[in-house]
Amino acid sequence: MNAAASAVSTDAQPDRQRLESLTTGQIVKAIFAASSGNLVEWFDFYTYAFFSVYFAHAFFSGVSQTVAFMQAAGVFFIGFLMRPVGGYVFGRMSDRYGRKRAMVVSILMMGLGSLGVAVLPTTDTVGAWAPALLILMRCIQGISVGGEYGSTATYMSEIARRGQRGFFSSFQYVTLIGGQLLASLLAVIMTHVWGSEQIAAGWWRLPFVVGAVAALVSLWLRAGLDETTSARDRTHAGSGKFREVLKYPRAFWVVLGITCIGSLAFYVFTTYMQKYLINTGGLNKGLVAEIMTVCLFVFMLLQPLVGMISDKIGRKNSMTIFAVSMILLPVPLLAAIGTQQSPFLVGMLILLAMFFLSFYTSISGIVKAEMFPTHVRGLGVGFTYAIGNSLFGGSAEYVALFMKNKGIGDVFPLYMVVVAVLGLLAVRAMHDNRQHSTIDNPESSAYAR
């Protein structure tokens with residue numbers, strides 16, 4: 001048993017004083033072990049998004065590039081629709097059996113799904129079975145990653161110390177973006193080594209193999225995690241039950257509202273942006289991969305910094321900055337990005353969006369975890385997040401490409417603005433975490449009304 005284990009008992013109530021006594025080194029080790037799986041999960045999940053431009057034709061043949069991209073994005077969306085299933089199943093598991101068990105099972109499922117995609121036959125080989133099998137593998141990955149978010153977010157929020165939770169919990173998105181970054185970086189390397197034609201001819205399978213192997217490494221790291229919940233929490237009469245989550249209606253609706261715009265904005269300026277620069281901006285795939293790799297790297301570095309800001313100004317103020325920026329920026333920013341041919345200026349415009357987006361991503365987990373009590377925190381965070389994320393995050397690419405295919409691409413930024421307005425209303429219903437955090441004040445009932 002490591003040092004963190006000696007400080008965090010699995011059989012007694014892990015009171016805040018005991019968790020606060022952890023040294024910085026112990027907290028870092030625990031967060032590294034938890035977030036390692038998060039990085040692998042999102043690398044596997046986003047490998048599909050970054051490499052679908054190379055293999056879309058293998059599963060959706062006989063259509064234009066835009067339609068092939070749109071159908072591949074549709075499969076991406078189906079994976080997202082499975083997230084609420086994962087959020088519910090793993091949320092219950094997290095609350096009833098512990099955060100560690102939920103995280104171990106989720107990484108196993110992700111590895112299985114990634115390996116499955118790597119060996120899938122194409123349309124030329126099995127016809128219509130190819131896209132059907134692709135959908136099946138994406139459903140497995142969708143359930144896995146749907147359960148990953150809530151379990152990791154609650155664990156990292158609970159292990160961090162008071163006054164630094166914004167900073168430490170921001171590493172959930174450091175590893176999430178890191179997973180994206182590694183997928184993007186691998187795309188850049190493979191483009192330079194083999195070229196687009198060779199990747200499209202079959203080398204697109206390699207990243208999925210890498211993801212499956214990485215899942216095994218993550219499994220080993222997560223096996224050494226220590227539990228942050230107590231036996232009392234796990235055996236609570238309402239532990240892991242959705243009807244118990246509904247006893248905190250304000251928390252449920254606030255989490256859902258901020259997740260809708262947060263997820264939409266995140267996927268627009270990360271995954272969809274790649275296709276937007278190719279389809280609308282007219283840039284070549286290799287150059288786009290390079291631009292997105294640099295942007296994602298800077299975006300990743302922003303997370304701890306903006307997380308620390310939230311520790312100083314409060315989570316509600318950080319979320320307000322994000323929501324207002326998403327009302328003001330999408331229309332002019334997307335128009336500028338779509339017409340700009342300078343790679344440097346394109347990158348700067350994307351980074352501008354990512355800077356304001358960081359006021360959501362850096363505290364996405366902790367801001368939600370602080371609204372629910374321990375015995376339903378995994379389900380309350382994971383399931384509620386998964387609903388908003390699947391509806392607005394997973395559909396972002398498909399909706400944008402659908403509008404473009406119908407000749408109404410200019411409507412999409414306005415769609416973002418409308419969702420952002422609803423998100424701002426949710427933010428206004430938040431309480432200040434500095435007075436009403438359920439982690440620091442377990443008996444707080446502020447969100448129960």
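I looked up E244 and found a salt bridge with K247, the closest N and O atoms being 3.1 Å apart; the term stands for a side-chain nitrogen of Lys or Arg within 4 Å of a carboxyl oxygen of Asp or Glu. E244 counts as buried because its relative accessibility is 9% (buried is under 20% relative accessible area, exposed over 50%, partly exposed in between, with a 1.4 Å probe and protein chains only).

The model is predicted, so I note that local features need pLDDT of at least 70 and side-chain atom pairs pLDDT 80 or more, while totals for chains, interfaces and linings use all residues. Residues are numbered from 1 along each chain as its sequence is written, and side-chain values use heavy atoms, without hydrogens and water.

I searched the whole structure and got nine salt bridges. One of them joins R222 and E148, with the closest N and O atoms 2.5 Å apart. This pair spans 74 residues, from R222 in helix α12 (residues 206–222) to E148 in helix α8 (residues 129–159); helices are DSSP runs of H or I, at least four residues, and strands are E runs of at least two, numbered from the N terminus. R222 is buried at 0% relative accessibility, and E148 is buried with a relative accessible area of 0%.

I then checked R377, which forms a salt bridge with E158 at 2.9 Å between the closest N and O atoms. R377 lies in helix α21 (residues 377–393) and E158 in helix α8, 219 residues apart. Both residues, R377 and E158, are buried. A network of salt bridges links D95, R99, E158 and R377.
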